[in-house]
Amino acid sequence: MPTPATPISARQRLQAMGLPRWAEDLITQYESGATSQFLCYGNVNDRLLLPLSGKAPAHEELGGFTDFLVKVLLPRFDVVLSFDLGNGLRLEKGGDVFSQWPRLKGVELPPLPKTPREAIDYLTQYFRYCANLAKLGTSRLQIGCLIKGADLLVPASMGANSYDTSALASQMRDWAADGTLSGHTLATFLIADNLNDLHPLIVNNPRASQAKVPLPSADDLARALALMAPSYPVALGALAKDLPATAAGLAGATLSSIEALLKTKEHLGEALSTDDLVAVKKALVEKDCAGLIEFIDSKRTLDDIHGQEKLKAWLRQDIALWRAGDVQALPMGYLVCGPVGTGKTYLVECLAGEAGVPVVKLKNFRDKWVGSTEGNLEKIFRLIHALGRAFVFIDEADQALGKRDSGSTDGGIGGRIYGMMAEEMSNPNNRGSIVWILASSRPDLIEVDLKRPGRVDVKIPIFPTTTADESWRLIRALAKRRGLAFADADFPALESMLPLLLTPGAAEALAVKTYRMVRTAGLQPMLALKECLTGYQNPVPKSVMDFQIALAVDEATDLDFVPQSLRSYGKRT
């Protein structure tokens, strides 16, 4: 007798289909009867890989998110309807079945509703009709419904003030919550860029499941490039010989933006090269993120930082561990603190150049509209996860990261930012892939929970100069960049004039002023510098400088990072 076939589990069946994990989870939720409504958000406006059933096992093609739902997830559904504000209600498939609705029987299919309220009422009536058929045992139709741009239809920003918006949200929520509707084979998909842009009645519905669509991984990009390669032989050029490496270099960009780039290059007859990938990726990602982030492209290394040898040794050890893949000892984040003008951003640039990984700098992601700030953060988080390995740099962190209790002065935005940042920064899955770098001259204003170990493991103090020799070497290095040469023998004549507690910002100003006097007054560099040092005043008041030095000393993870002469500033030493 033949051996009976070993039954496969539902999970094995889904994995054999070659679906992304979010789609597997969505099908599991639906087939198990756990939910019939799905909030699809994230990278929903991009091109996706469509693993098509019924064809060769490895067959894939590119399509939009609607194509993925209709062709991949709902191919056996009898009727699929969709709605968006621009096109109104549309029939995606199943016209013959849909026309059997008694409301339409005997007449040609009339124009479907265009306005939101009419369309949602129309859909609800049809869903109830199909549910009643299933209840009577007359027919059991599988109905799918796609609400595109659901955040425009039921936005979070109007939820508290608009009766119509709240009424629509309540009606759409009932598609999953009403037992009569959810008891038959109905699947509804509410599609939005960001979850935080949706009405809270929708988002907080316990009967709805959330499906986050990520940016394409490097593997996804490689498979997509393989599909596109025959159409763009000139644009891909030599890069087509190693598509996985090309895909890794473009990780973080959307498929749509990559495809648009290849079309343009092919039309112009220009080939991309390996050297182009960094600049191309930077341009594509910044465009996709609509100005929320920027990449810091650095050619500097830690060798460009004068002094701070023990700090540089620590950072180089971290980089070595990262490169070796030994992530258990890697920090989740760094806090760079010190007086204004001490070069906190410069240190980040040097660290990035040394490590050779992308540095994403968060720009102004706050918005005045309810939910928009949180939606911007969602988009940023999706990007940094898609990059693989990256530093995420937040300058002026005391202002950007929000407060646990921001009161009513900002409508609660600060508290929501704090909550999202705290959750993301402490995600253990980020260790070894995302390193947060916070910079601030007022670290005391950053919430204690955000700079605790597990979110920020290493606190790096940056200090101004503590000796005349340090001040001399700093000024000399900055002057050299402007073609002003000073000899070692010049130091004794200037030693008594050189200021202490000199920051790189203040030294830069001295170097610029010296260069200006050389060019305008015709003085020799030595005489021009003496003239600039005569009567020099630190641009930062001493009381402010002392206060910010004390803060940096107290924050330091290790006293070895603090010069001996400055340790007395700290309250804990």
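Predicted model: local features only at pLDDT ≥ 70, side-chain atom pairs only at ≥ 80, totals over all residues.
Q: OK, on to the cores: which residues have the most contacts inside the largest nonpolar core?
A: That core has 60 residues, and the ones with the most contacts inside it are Met228, Ile258, Leu262, Ile293, Ile394, Met421 and Trp436. The largest share of this core comes from H19, which supplies seven residues. There is also a second, separate core of 38 residues, which includes Ala169, Leu190, Ala192 and Ile202.

Q: What does Leu262 touch, leaving aside its neighbours within four places in sequence?
A: With those neighbours left out, leucine 262 is in contact with Leu225, Met228, Tyr232, Ala235, Leu236 and Leu272.

Q: Back to H19, then: how far does the helix reach from its first C-alpha to its last?
A: Helix H19 covers residues 413-425, 13 residues in total, and it reaches 18 Å, close to the 18 Å expected at 1.5 Å a residue.

Q: Which of its residues are buried, and what do the buried ones pack against?
A: The buried residues in H19 are Ile413, Gly414, Ile417, Tyr418, Met420, Met421, Ala422, Glu424 and Met425. They pack against helix H17 (372-386), strand S12 (390-394), helix H18 (397-400) and strand S13 (434-440).

Q: Where is Asn430 found, and is it buried or exposed?
A: Asparagine 430 is found in the loop between H19 and S13, and at 2% relative accessibility it counts as buried. Not counting residues up to four places away in sequence, asparagine 430 touches His385, Glu424 and Trp436. Of these, Glu424 is one of the buried residues of H19, while Trp436 is among the residues with the most contacts inside the largest nonpolar core.

Q: Changing topic, how many disulfides does the structure hold?
A: The structure holds zero disulfides.

Q: Now a helix pair: at what angle do H12 and H14 pack?
A: Helix H12 (residues 243-250) and helix H14 (residues 277-288) pack at an angle of about 45°, with their axes 8 Å apart, and they are therefore oblique to each other. Thr246, Ala248, Gly249 and Leu250 of H12 make the contact with Leu277, Val280 and Lys281 of H14.

Q: What about the backbone, say the phi of Glu396?
A: Glutamate 396 has a positive phi of about 50° although it is not a glycine. For context, most residues other than glycine have a negative phi. Glutamate 396 is found in the loop between S12 and H18 and is partly exposed, with a relative accessible area of 43%.

Q: And what is the phi of Leu501, and where does the residue lie?
A: Leucine 501, which is not a glycine either, has a positive phi of about 55°. Leucine 501 lies in the loop between helix H21 (491-494) and helix H22 (504-521), and with a relative accessible area of 16% it is buried.

Q: Last one: where does Leu168 lie, and what is it in contact with?
A: Leucine 168 lies in helix H7 (residues 163-177) and counts as buried at 6% relative accessibility. Leaving aside neighbours within four places in sequence, leucine 168 is in contact with Pro116, Arg117, Ile120, Leu153 and Val154. Leucine 168 and arginine 117 are 51 residues apart along the chain, yet their C-alpha atoms are separated by 6.9 Å.

Note on methods. Residues numbered from 1 in each chain as written. Heavy atoms only, no water. Helix = DSSP H or I, 4+ residues; strand = E, 2+ residues; numbered from the N terminus. Expected span 1.5 Å × (residues − 1). Buried < 20%, exposed > 50% of the residue type's maximum accessible area, 1.4 Å probe, protein only. Contact = heavy atoms within 4.5 Å. Core = buried A, V, L, I, M, F, W, Y, C linked by side-chain atoms within 4.5 Å. Disulfide = S-S within 2.5 Å. Axes fitted to C-alpha atoms, helices over the stretch in contact; angles between N-to-C directions. Parallel < 35°, antiparallel > 145°, perpendicular 65-115°, else oblique.
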